[in-house]
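Here are a few quick notes to read alongside the model.

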Amino acid sequence: MNRQAPDVRLALCELWQAFGGIALLSRYGPDAPWPHSAWAREAYGALTPRLRAVAALARPRGRIPSFLTAGVTSRRSSIAGELDGIARTAPGLVRDELAREYPRAFADPLIAALIRDPESQLRYLAVEFAHFWRAAIEPRGVGLARSLEEEILFRSRTLAMSGGVALLHELGLPRERTDGADRLTAVPMLLADGTHWWSVAEGRTVVSFAARGAGLLRAEPKRDGADRPQRADRLAILLGRGRASVVRELAVPITTSALADHLGLAASTVSQHLSALVSAGVVQRHRAGTRVLYELNREGMALAECLMNRQPADGAELAHGRGVR
């Protein structure tokens, strides 16, 4: 950073949450790895060629076009207002930016159409973003909003106590995205594939970072207790069905009571599982106001990803592992 005290802010952006999901589906299809897997299977049908083209446009450098940054510079904005901002973008700005920042834009006919007729094409784009939001993200919006608010609260403590430079270091943002940017807004994203998306809006550099437990938009929780382990469920084979179901939910920070409610288990049972996982060094807990939140730490995420994203070899069900709870 060129300045010792950069103007660093935190903001939420529903439009960028949708973009993250689109980019994730464009990269992996319906077979995205855990913790995106259940969501990706359900959401893939909402992906359209136009949305895929916009994600491909931004992929090489991670730079999101500025017409997708509407509302990012505010503390909190709604998807409706952000989509309205897309539709009202000046056509000349769209043409100039695409020609200047995305030299291969004409290679895709959908992006070429956007350059020829920005006004109508942006309206179509806004409509497709709205459909994607309603179909793929809004049904799980309560969990999404809760997790992102918790993330903003958690990161705000670092910003208030240690300053913007310390926050950027904590978030691990690439130097090429933040060096020399004295006005910067950091946006947490739950649907993330390791890319630090960035853009420039109203004189501010806007950069995304993976929220803790990034990528998780759970399917609606089952109410009949822990899931039954399947042949490929190595996590349940190793930990038992109940404890494995707890681990899956810990990709985002959550309280004991909320976790028990999601899983349909007794709070005392969930508490026992959490204590064991904390002792094993794969789960961490921290206080947010009056609540104590639990989530997988780095080791826990690595363990879950390894066991949940790889198919077991033939015979790996291990007869002696059956029945463990």
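1. A term to settle before we start: a residue counts as buried when its relative accessible area is under 20%. Keep in mind too that this is a predicted model.

2. With that cut-off, Glu 151 and Arg 155 are both buried. Their side chains meet in a salt bridge, at 2.7 Å from N to O. The two sit four residues apart in helix H8 (residues 141-162), which is about one turn of the helix.

3. How many salt bridges turn up in a search of the whole structure? The search finds nine. One of them joins Glu 101 to Arg 100, with the closest N and O atoms 3.2 Å apart. Here Glu 101 is buried, at a relative accessible area of 16%, whereas Arg 100 is exposed, at 54%. Salt bridges also link Arg 61, Arg 63, Arg 100 and Glu 101 into a network.

4. Arg 9 and Asp 7 form another salt bridge, their closest N and O atoms being 3.5 Å apart. Arg 9 is partly exposed, with a relative accessible area of 39%, and Asp 7 is partly exposed as well, with 26%.

5. Now the helix pair. H12 (residues 241-249) packs against H14 (residues 267-279) at an angle of about 75 degrees, the axes lying 10 Å apart. That makes the two helices roughly perpendicular. H12 brings Gly 242, Arg 243, Val 246 and Val 247 to the contact, and H14 brings His 273, Leu 274, Ala 276 and Leu 277. Sorted by type, the residues of this contact come out as five nonpolar, two polar and one charged.

Note on methods:
Residues numbered from 1 in each chain as written. Predicted model: local features only at pLDDT ≥ 70, side-chain atom pairs only at ≥ 80, totals over all residues. Heavy atoms only, no water. Axes fitted to C-alpha atoms, helices over the stretch in contact; angles between N-to-C directions. Parallel < 35°, antiparallel > 145°, perpendicular 65-115°, else oblique. Contact = heavy atoms within 4.5 Å. Nonpolar A, V, L, I, M, F, W, Y, C, P; charged D, E, K, R; others polar. Salt bridge = Lys/Arg side-chain N within 4 Å of Asp/Glu carboxyl O. Buried < 20%, exposed > 50% of the residue type's maximum accessible area, 1.4 Å probe, protein only.
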